[in-house]
Amino acid sequence: MLIFSATVVAQVQPLTPFQTGERVCFTGNSITEQGYYESYIWLYYMLHFPDRRITVYNCGIGGDRAKSILARFDDDVLRKKPTTICLTFGMNDTGYFEFLAANADSTAKERIRESKACFDTITQKLKAYTAAKKIMITSSLYDETVKNPKNYYPKKSLAMNEIAAFQEKAAKDNQWGFVDFLHPMTDITLREQRLDPTFTLTGGDRIHPGNKGHFVMAWLFLKQQGLAGKPVADIVIDVAGKKVRRSENCRLSALTVAPDDIRMDYLANSLPFPQDTIPRLWDNPQRQAEALSLIPFNEEMNREMLTIHGLGTGNYSVTIDGEQVGKWTGEQLSAGINLALLKNTPEYEQAMSVLWLNEERMALESKLRAYYWLQFDFFRDEGLYFSDNARAMDSLNVTAQKNWFVASKKDNYRAARYAAVRDAWQKEMDVLIDEIYRVNRPRKHTIRIMGTN
């Protein structure tokens, strides 16, 4: 059964790009706890706005719905003193196996009602916390249409649409920002499944996006912030006039134009966004780079253009700092080359170092989030909230024998229950972030275009 989506057009507060000093909390369930869509958003800012330092917090907890987000809101989100709160939920709120029961429709209505009631209380907390902008985000999709025998819950998508509707309404009523993941991701999925019924932006569970899906989510968020059309750099040189026609988001100097030999010094204000070809989520083979065939990210947000008008019809070598990065015809250079797509430029290598530093930061943050998952989803109900003592460890050991989710975090908790260890992890993260904002500063390079005929 196909569930066709209706694109949501929200008349809400327009999103603006994050500014220097912002503290942004992304609050949600396991999809947020996985960390990738918000990490891709931060990586874009690290690379495109190297002087605009912000802080992004992963405030996701696996299994959460509006009710459990409400229970931890003060202790987890507000304690970070955010200047922007991004809130998403809906996947867990609507349920799973309940859709296989005879009373599925009435159960879905009751779960939606409970979600809305808890969200209404969260709304009051958001309104009372005036120090932050608020951005509502719909859930990523539940892929009900993929050809896959696993985890099929009929009409779950319809229930998620109802939650998305009251999330959008709250954004309108309160003049908050609004980003829709659910419907655009559904549209992409249905489009691709017409060609390949096994296509999905999620994993085999139909629920959790892979790196491909997370990157689509990041693009949707950045696009809603108005960042489409912002180039890494855009250079246009007129050979006949021996002049610079355009130098957007960069500075050019020492331009020399001789027959079949153009040279310039080039300092961009941004770095390109690298293509990550490593699957980084457990039990999901998707790669971030696979999303680039689905969305116009490179065309909209990753253009480092070099255009040379007036060259001859021959072939030309382009070098950066004396190293050849490619060969093109005069016609191709006149049409423009996107240097951001070349993996052998010094600026791409610099961007890759930022990506890997950010991955190291994420790994440490994941350890802290696993600790907080136990506090919010296990120890609070056991009466051991933030006790972190031997009794807590004993309780965890007993429960881990019958609860996979608790067991998966047991080894991490052995270290994390000590405040000194958590403090050390945070200090390591701070060092990595400092290093990111040191190495992400674009450097001056010399570009040379020489005829090879």
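The legends below accompany close-up views of a predicted model.

**View 1. Aromatic pairs around tyrosine 45.**
The predicted structure holds 31 aromatic pairs, and one of them joins tyrosine 44 to tyrosine 45 in an edge-to-face arrangement, with 6.0 Å from centre to centre and 80 degrees between the planes. Tyrosine 44 and tyrosine 45 are both buried. Tyr44, Tyr45 and Phe49 belong to one aromatic cluster, whose other members are Phe18, Phe26, Tyr37, Phe181 and Phe221.

**View 2. Charged side chains over tryptophan rings.**
Arginine 280 lies over the face of tryptophan 356, at a distance of 4.5 Å from the ring centre. In the second example, the ring of tryptophan 373 has the charged end of lysine 409 over it, 4.5 Å from the centre of that ring.

**View 3. The crossing of helices H2 and H10.**
Helix H2 spans residues 36–48 and helix H10 spans residues 346–379, and their axes come within 11 Å of one another while crossing at roughly 140 degrees. The two helices are therefore oblique to each other, and H2 passes H10 in a right-handed crossing. On the H2 side, the contact is made by Tyr36, Ser39, Trp42, Leu43, Met46 and Leu47, and on the H10 side by Ala351, Val354, Leu355, Asn358, Glu359, Arg361 and Met362.

**View 4. The crossing of helices H10 and H11.**
The axes of H10 and H11 come within 13 Å and cross at roughly 75 degrees, which means that H10 is roughly perpendicular to H11. Here H10 contributes Leu374, Phe378 and Phe379 to the contact, and H11 contributes Ala392, Ser395, Leu396 and Thr399. Helix H11 itself covers residues 390–400, and the loop between H10 and H11 is where aspartate 388 is found.

**View 5. Glutamine 375 and aspartate 388.**
Glutamine 375 has its place in helix H10 and is buried, with a relative accessible area of 0%. Neighbours within four places in sequence being left aside, the residues in contact with glutamine 375 are Arg380, Leu384, Tyr385, Phe386, Asp388 and Tyr413. Aspartate 388, in the loop between H10 and H11, also counts as buried, at 14% relative accessibility. With the neighbours within four places again set aside, aspartate 388 is in contact with Tyr371, Gln375, Tyr413, Arg417 and Arg422. One of these residues, arginine 417, is 29 residues from aspartate 388 in sequence, and the two C-alpha atoms are 5.1 Å apart in space. The backbone of aspartate 388 has a phi near 50 degrees, a positive value in a residue other than glycine.

**View 6. Phenylalanine 166 in helix H5.**
Phenylalanine 166 is placed in helix H5, which runs over residues 156–174, and at 10% relative accessibility this residue counts as buried. Apart from neighbours within four places in sequence, phenylalanine 166 is in contact with Phe89, Ile112, Ser115, Lys116 and Phe119. Its C-alpha atom is separated by 25 Å from that of glutamine 34, a residue 132 positions away along the chain.

**View 7. Asparagine 249 between two strands.**
Asparagine 249 is found in the loop between strand S7, residues 243–248, and strand S8, residues 250–258. The phi angle of asparagine 249 is near 60 degrees, which is a positive value in a residue other than glycine. Asparagine 249 is partly exposed, with a relative accessible area of 24%.

Notes. Residues numbered from 1 in each chain as written. Predicted model: local features only at pLDDT ≥ 70, side-chain atom pairs only at ≥ 80, totals over all residues. Heavy atoms only, no water. Phe/Tyr/Trp six-rings, centres within 6.5 Å; stacked < 30°, edge-to-face > 60°. Buried < 20%, exposed > 50% of the residue type's maximum accessible area, 1.4 Å probe, protein only. Lys NZ or Arg CZ within 6 Å of the ring centre and 35° of its normal. Axes fitted to C-alpha atoms, helices over the stretch in contact; angles between N-to-C directions. Helix = DSSP H or I, 4+ residues; strand = E, 2+ residues; numbered from the N terminus. Parallel < 35°, antiparallel > 145°, perpendicular 65-115°, else oblique. Left-handed = near helix turned anticlockwise from the far one by under 90°. Contact = heavy atoms within 4.5 Å.
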